Amino acid sequence: MSYNMLFSPMKIGNVEIKNRIVMAPMCMGFGQYNGCATETMMNYYEERAKGGVGLIFTEITRINDITGASSFGQLGMSHDYQIPALREMADRVHKHNCKIMVELHHPGRQNLGLMIGTVPICNVGSKIMGNLYTKILTGAVIPPGKKLQDKHIVPRTVAPSKCDRSKMSDSVNRELSNKEVKRLICQFIEGAVRVQKAGCDGVELHASHGYLIQQFLSPNTNKRTDEYGGSLENRMRFLLEIIDGIRANCGKDFPIVVRLTVDEMYSMIGQDAKGYNLEEGLKMAKILNDKGIDAIDVSSAAYDTFNYWLEPTTFTPGWRKYLAREVKNVVDIPVIAANLIRSPKQAEMQLEEGTQDFISLGRPLIADPHWANKVKDGKENLIKRCVCCLYCFESMMKGAYKYTHGHCSVNPFVGREDVKLKQDGNGRKVVIIGAGCAGLTAAELLSKRGFNVTVLEKESKQGGQLNLASKPPHKDKMNWVCEDLLSNTVNNGAKVLFNVKADKNVIDSYSPDIVINATGGTAIHPKAFNGDNVVTVTDVLNGSVDIQNKNVAVIGSGMTGLETSELLVSHGNKVTVVEMADEIAPGAWFQQLDDALPALKKAGTKFLTSHKLLSVSSNGIELQNLKENKATALKVDYVVLSLGVKSDNALFNSIKNSSAYKVYNIGDSAKIGRIANATESAYQLVASIE
């Protein structure tokens, strides 16, 4: 397929972008306390520029250190001393004929109270104590600080008016004074001036995802009675005065883009009366267009409606493209939009049909920084596709407390863009057992190093545990991980053989120098729970047991248990989920729960927390109520065990002491984990082999 529109140039203001591919702003935590761009951050952005992107929007960039710092590792434009590092980063991006614009941001009520006033203290501490300060902060200060945060014994975050706490940060907030509002307007303007001095190509104002500018736009968070609240005109005043100030100070030729939520999506969670919808969002877009901004970056939702802007796996690519199309109908400036685009074909189609003018790729460019060049060079089959697993955001958020950065499940080189694999394989033979994500990652990387790699897989296709993960409704994207790994592995010269059950004799026949065991794991099935009516999630997901229109108890409410329950209810079963803990899916990322639970509840699924499975009979189960310490019976036709996975390391144990070759164990067969753990373990092994 030709991609004529995708690779045609277009201007934003007077800045010509070489193609229609834009990197969306995403905070990954590659910065430092003082807000200056680090070498790691520069490498990260430059790699995407090398990869063929036309325009990069940086991550959220603070303009205020006291109430506006969202992360210890965030970029800043709050001080002049931050300009030189940003200039260096811009120069490195520009070397690759790529433009760069900076997204100016303030979190408002969506900040953590723990962060209020913290960054200036950290700046001083790190100057005095260096790396020791970071160790003290992450080891001795933040853990008790998190406990104080949970009890709300921390400073209040700021908002246009005192309002409900944001769902994710859950911080108590206070209303900004009129004087503070005007000072923040000046700080946004001052930030834009610094961006221009750094040689960047424009700014984007973050009026989306529930951050401060959007909080002024929304009647849900703006109940002010002065000139910045009330009517739509007043609610837009904060944003419009920022735009006026940037124009006055930076000139008409310095592009201003606004990233705008055009629908807060409260209707999607059954709260229609909250916030604003598309009708009012289009009015905002028209006002911004008439104000003379240079482009509008269309988005949706806020933290309260998180999954409707940062979607989990189940969402259909392009589901929200109607928002961009409606905006394009009321403006005459370029429209940028993400729209959950997951293929170049989809991107080209949405350009051709006039949905938007620029394709914004966020997570896809974390997963594969060379997405654009692979499409341009006719190698789109080698793209590592984002599967919307949300690990990038989850790891970034959790890492922020430890002053570490976000990661990607399918790309272990995130944050390691400067790493170059050694080219010293010299044809040495490697046999890898298992074509799951760990085995194929190792195969791809070792092939790149020049090893002679053969992968042996006992099944008829690649994937391992991910073949099961893709079976619940709308989870088919999970297949992409190993499909893409297989394509890249074979492209790099490795052989992948299916329907080969490896044992010591088979392995020995290859006379390998190195053997890597990546045999994955198997579902736990305690001997105490047996019977014709007892199966594991594996039996359900692989189709060996077909349960329809029955009463089913699923034992274990981890995400595998919940996703298996989704498959069961789609087959007409009535499901009861039994969980020993006091809450469903303890430890699961909240977005995954927000995605799974509504569908299960709609299907009438029952949830029993604080209950332990004691025994199974032919017509039901006996449970122990852990809170009341009493037994209770439940009549069911089937029992599905979702008690976790154990490592399948029998083959490894049989060959690990071989004197004929070196033996390694990676992925689930070494330690049960997630996709990211498997690919990371493969990377670490490949990097360590001499």
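Buried means under 20% relative accessible area. The views below show a predicted model.

Figure 1. Because its relative accessibility is 15%, T314 counts as buried. Its side chain makes a polar contact of 2.8 Å with the side chain of D595. Apart from neighbours within four places in sequence, the residues in contact with T314 are P473, H474, K475, K477 and D595.

**Figure 2. T58 in strand β4.** The strand covers residues 55–62. T58 has a relative accessible area of 0% and is therefore buried. The side chains of T58 and T61 are joined by a polar contact of 3.3 Å. T58 and A24 are separated by 34 residues in sequence, while their C-alpha atoms lie 7.6 Å apart in space. With neighbours within four places in sequence left aside, T58 is in contact with P25, Y45, L75, M89, I100, M101, V102 and E103.

**Figure 3. The largest cavity.** Rolling a probe the size of a water molecule over the atoms shows where empty space is left. The structure holds 5 cavities of 30 Å³ or more, and the volume of the largest is about 110 Å³. The elements giving two or more residues to the lining of this largest cavity are α12 (363–367) and α14 (391–400). Of the elements, α12 gives the most, with 3 residues. The lining consists of 13 residues, and those nearest the centre are C386, C389, C392, C408 and S409. By class, the lining has 11 nonpolar, 1 polar and 1 charged residues.

**Figure 4. The second largest cavity.** This cavity contains about 50 Å³ of space. Its lining is formed by G29, S71, F72, G73, M396, A400, Y403 and T404. By class, there are 4 nonpolar and 4 polar residues in this lining, and no charged residues.

**Figure 5. The salt bridge between E280 and R235.** Side chains of opposite charge can pair when their charged atoms come close. Across the whole structure, 39 salt bridges are found. In the one shown here, the N to O distance between the side chains of E280 and R235 is 2.8 Å. The pair links distant parts of the chain, 45 residues apart: E280 belongs to helix α9 (residues 278–291) and R235 to helix α7 (residues 232–235). E280 and R235 are both buried.

**Figure 6. The salt bridge between K384 and E444.** The side chains of K384 and E444 meet with an N to O distance of 3.0 Å. K384 is in the loop between α13 (371–376) and α14, and E444 is in helix α15 (residues 437–448), so the pair ties together parts 60 residues apart in sequence. K384 counts as buried because its relative accessibility is 13%. E444 is also buried, with a relative accessible area of 3%.

**Figure 7. The salt bridge between D508 and K504 in helix α18.** The closest N and O atoms of D508 and K504 are 2.9 Å apart. D508 and K504 are 4 residues apart in helix α18 (residues 504–508), so about one helical turn separates them. D508 has a relative accessibility of 28% and therefore counts as partly exposed. K504 is partly exposed as well, at a relative accessible area of 39%.

**Figure 8. A network of salt bridges.** The residues linked in this network are E39, E46, R92 and K95.

Methods: Residues numbered from 1 in each chain as written. Predicted model: local features only at pLDDT ≥ 70, side-chain atom pairs only at ≥ 80, totals over all residues. Heavy atoms only, no water. 1 Å grid on protein atoms, 1.4 Å probe; cavity = no way out; pocket = protein on both sides within 12 Å on 5 of 7 lines; lining within 4 Å. Points joined across faces, edges and corners; volume = space filled by probe spheres on them. Nonpolar A, V, L, I, M, F, W, Y, C, P; charged D, E, K, R; others polar. Buried < 20%, exposed > 50% of the residue type's maximum accessible area, 1.4 Å probe, protein only. Polar contact = N/O pair within 3.5 Å; in protein donor to acceptor, adjacent residues only side chain to side chain. Contact = heavy atoms within 4.5 Å. Salt bridge = Lys/Arg side-chain N within 4 Å of Asp/Glu carboxyl O.
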